[in-house]
Amino acid sequence: MEEPRAIEEELPNLEMLESSNMTSSYYNILVVDDEEPVKRLIATLLSQDGHQCAAASSGLEALDKVKKHKFDAVVTDIVMPEMDGLDLMRELSKRDQNLPVMIITGHADEYSAETAIALGAREFIKKPFSITEFIIRFHKMMDDHRGKEALLALSLTDELTGLFNRRRFFVLAEQSLKVAIRTKKRPLLFFIDMDNLKLINDHHGHNEGDQALKDLAGILKKTFREPDIIARIGGDEFVVLLESTDESGEKLVTRLHENVKDYNAERCKSILSISLGTAQFDPDSPISIDELLSKADALMYVHKRRRWRRTP
Ligand SMILES: [Mg+2]
């Protein structure tokens with residue numbers, strides 16, 4: 001069998017390669033190869049690049065390590081005893097589909113690279129490889145991975161206010177209601193509508209309107225607590241789901257209205273005005289998050305109409 005060429009190369013001055021490590025982040029990496037010299041070389045390269053490395057000689061050993069420690073990436077050979085790289089890939093993607101895996105393929109198993117990519121491998125490199133190529137491909141894989149993670153975080157956040165967006169809210173709220181059924185807790189949902197967004201936009205411009213939305217988000221963060229799920233689910237619609245509450249809902253409603261009042265007082269004008277409705281989840285007669293939202297939304301409208309009648 002052909003010896004990997006990289007082993008015969010002298011270890012390069014890694015400062016030369018530094019420019020390819022744009023993010024200069026350091027990772028925990030699992031290196032899997034049954035050929036001791038290849039495994040040692042890759043671990044040395046990655047360590048010199050600043051990363052922490054653990055090594056395994058088979059898929060089975062790798063899987064055992066993955067169960068015990070958290071790795072940011074895996075670099076694995078394909079042909080190995082006990083459990084090969086492809087079976088390892090299958091197992092890894094069952095555990096975490098987002099774990100970046102780089103495959104090292106030998107001369108005889110080029111076909112496996114395709115299978116590995118289909119199984120979710122992000123990068124592959126062919127033996128014999130050069131040290132430079134390995135490091136560059138590794139950095140590319142990790143940079144792509146970070147890009148994807150950042151994009152995912154963005155797609156779950158409301159860009160203007162930084163709160164969760166509608167999509168994220170539904171995912172989290174559904175989980176929360178499931179837990180509530182199991183633990184017999186009674187989550188409380190707040191549906192909050194900003195009354196005068198259109199008015200602000202029309203009279204003071206959209207920048208003022210955006211600022212008011214951001215400020216209301218700030219007031220919600222100040223009023224509620226860290227584990228509460230706070231989201232903006234529409235233009236001027238906000239929701240807060242409290243996993244459970246030891247305070248009465250009324251107390252929180254009062255605190256929220258007071259915080260809005262303080263905000264307006266600081267600015268010497270009534271720029272912010274909200275209508276809200278609440279609905280409590282009953283674990284003994286569970287309803288869906290959509291139904292809970294409709295309930296709170298309906299009460300919010302009752303509240304809004306009542307206030308319209310009061311203000312001529
Ligand atoms: Mg092998």
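A residue is called buried if 20 or more other C-beta atoms lie within 10 Å of its own, and exposed if 12 or fewer do. The structure described here is a predicted model.

**Helix α7**

- Helix α7 covers residues 166-183, and its 18 residues should span 26 Å at 1.5 Å a residue. The end C-alpha atoms of α7 are 25 Å apart, which agrees with that expectation.
- Phe169, Ala173, Ser176 and Leu177 are the buried residues of α7. Seen down the axis of α7, these buried residues fall within an arc of 105°, so they line one face of the helix.
- Gln175, Lys178 and Arg182 are exposed and sit on the face of α7 turned away from its buried side.
- An α-helix has 3.6 residues a turn, so residues three or four places apart point the same way.
- Lysine 184 follows α7 and has a positive phi, near 60°.

**Helix α6**

- Helix α6 runs through residues 131-155, and its 25 residues should span 36 Å at 1.5 Å a residue. Its end C-alpha atoms are 36 Å apart, in agreement with that value.
- Buried residues in α6 include Ile131, Phe134, Ile135 and Phe138. His139, Met141 and Met142 of α6 are buried as well.

- Arginine 306 counts as exposed because it has 10 C-beta neighbours inside 10 Å.
- Serine 275 is 31 residues from arginine 306 in sequence, and their C-alpha atoms are 9.9 Å apart in space.

Notes:
Residues are numbered from 1 along each chain as its sequence is written. This is a predicted model: local features need pLDDT of at least 70, side-chain atom pairs count only at pLDDT 80 or more; totals for chains, interfaces and linings use all residues. Helices (H or I, at least four residues) and strands (E, at least two) are DSSP runs, numbered from the N terminus. The expected span of a helix is 1.5 Å times one less than its number of residues. The arc is that of the directions from the helix axis to the C-beta atoms.
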